[in-house]
Amino acid sequence: MPQPGQVTAVAATRRGAVLVACAAMCWSSGALIARLVATGPWTTNLWRSVFASAFLALALSAVERRSIVTQCRALGAPGVAVAACMSLSSTCFILSLAHTSVANTLILMSIGPYVAGVLGWLVLGERVAVRTWIAMGMALAGAVVMVSGSQTRAAILGDLLAVVMATSFAAATVIVRRHPEIQMAPAAVLATALTALVALPRADPWAASGRDLALLAFFGVGQFGLGFMLFMTGARLLPAAETSLIGMLETVLGPVWVWLVLGERPGPAALAGGALILVALLANTVVDLLRPRRSIAPGNASERRRSRG
């Protein structure tokens, strides 16, 4: 019979999986919304960030009972660096979608964990397993195949922006590893505020129709803000490998929504390269999930209990 602590741990893990899956569902709608709005990419970036920043700031102020300005000031230089990286990533996401296919943007974005692995090895001296290097090689090959299928300069630019997006978010991940005291929620508020400030000079905010504003409000509040809060809550309850695996839903579902609603189909190169990247990520993540269980001797009950908790 399972002990009360084990039951609680299992329930928490299931709750975390559901929350991360819901976050991935929220995030997967981003490409479709970007395609549905009639605003330019800079205007889209501006309004999305304004709505996201306002939502997260109000939510954080209510939860923490402290001014969001006070929370952002407490971030320090490392927290500001994380916010700047997140802002660059968010900006490149919208600009990439304006130049290349949804499939290319989302699948190239998924190389982020591998970029983080390389940066962690170079900057922090973290050990990278041989199988992870192999997975990185497969992901790189997949990215090359995808970019080779882009026939125009605009599409190639969009693919490169997706790579910059993945790299900048990976850099934020490495900074957080180096400074685990960074509070991610205030950093997200600062990141969205920075994104809005960067977009403002290039945007035409009053060109957005009422329909566009409604979609952009959902883009900021539902897709980014709610997705971020669900992910941060769920990720605390799951191993990193399982979080990455569930997070793949965004990469898979994003192109599906656009295909079903708008009929945008990825080309052969995108499908072939995307398959390589997804297989590499899936295989590496599954090994991460299974390896701890194999390392525990069948007869060592105390170790089994510790691994579940």
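Which residues does Val-102 touch, not counting residues up to four places away in sequence? I looked this up and found Ala-31, Arg-35, Leu-97, Gly-254, Pro-255, Val-258 and Glu-264. I took contact to mean heavy atoms within 4.5 Å.

**Basis of the entries**

I am working from a predicted model, in which local features need pLDDT of at least 70 and side-chain atom pairs count only at pLDDT 80 or more, while totals for chains, interfaces and linings use all residues. Residues are numbered from 1 along each chain as its sequence is written, and side-chain values use heavy atoms, with hydrogens and water left out.

**Chain overview**

I recorded 14 helices and zero strands in the chain. Helices (H or I, at least four residues) and strands (E, at least two) are DSSP runs, numbered from the N terminus. Of the 309 residues in the chain, 45% are buried. I used buried for under 20% relative accessible area, exposed for over 50%, and partly exposed for values in between, with a 1.4 Å probe and protein chains only. The chain exposes about 15,400 Å², of which carbon and sulfur atoms supply 68%. Accessible areas come from the Shrake-Rupley method with a 1.4 Å probe; for residues, only the protein chains shown count as cover. Among contacts with a separation of 6 or more, I noted that 89% join residues 24 or more positions apart.

**Nonpolar cores**

I next looked up the largest nonpolar core, which has 37 residues. Val-102 is one of the residues with the most contacts inside this core, a list that also includes Phe-93, Leu-97, Ile-111, Tyr-114, Phe-219 and Ile-277. Apart from it lies another core, of 22 residues, with Ala-57, Leu-60, Met-184 and Ala-188 among them. A nonpolar core is here a set of buried Ala, Val, Leu, Ile, Met, Phe, Trp, Tyr and Cys residues joined through side-chain atoms within 4.5 Å.

**Cavity**

I found one cavity of 30 Å³ or more in the structure, and the largest cavity holds about 40 Å³ of space. A cavity is a set of points, on a 1 Å grid over the protein atoms alone, where a 1.4 Å probe fits but cannot get out; lining residues have an atom within 4 Å of a point. Grid points are joined across faces, edges and corners, and a volume is the space filled by probe spheres set on the points. I counted the lining residues as five nonpolar, one polar and two charged. For these classes, Ala, Val, Leu, Ile, Met, Phe, Trp, Tyr, Cys and Pro are nonpolar, Asp, Glu, Lys and Arg are charged, and the others, Gly among them, are polar.

**Single residues**

Is Ala-187 buried or exposed? Ala-187 has a relative accessible area of 0% and is therefore buried. I placed Ala-187 in helix α10 (residues 184-199). Leaving aside neighbours within four places in sequence, Ala-187 is in contact with Leu-75, Gly-79, Val-82 and Ala-83.

I then turned to Leu-213 in helix α11 (residues 210-235). Leu-213 counts as partly exposed because its relative accessibility is 29%. Beyond four places in sequence, Leu-213 is in contact with Trp-47, Phe-51 and Ala-208. Leu-213 and Val-37 are 176 residues apart along the chain, with 8.6 Å between their C-alpha atoms.

My last entry concerns Val-118, which lies in helix α7 (residues 112-124). At 25% relative accessibility, Val-118 is partly exposed. Setting aside neighbours within four places in sequence, I found Val-118 in contact with Trp-133 and Met-136. From C-alpha to C-alpha, Val-118 and Trp-133 are 8.9 Å apart.

Methods. On a 1 Å grid over the protein atoms alone, a cavity is a set of points where a 1.4 Å probe fits but cannot get out, and a pocket is an open set with protein on both sides within 12 Å along at least five of seven lines; lining residues have an atom within 4 Å of a point.
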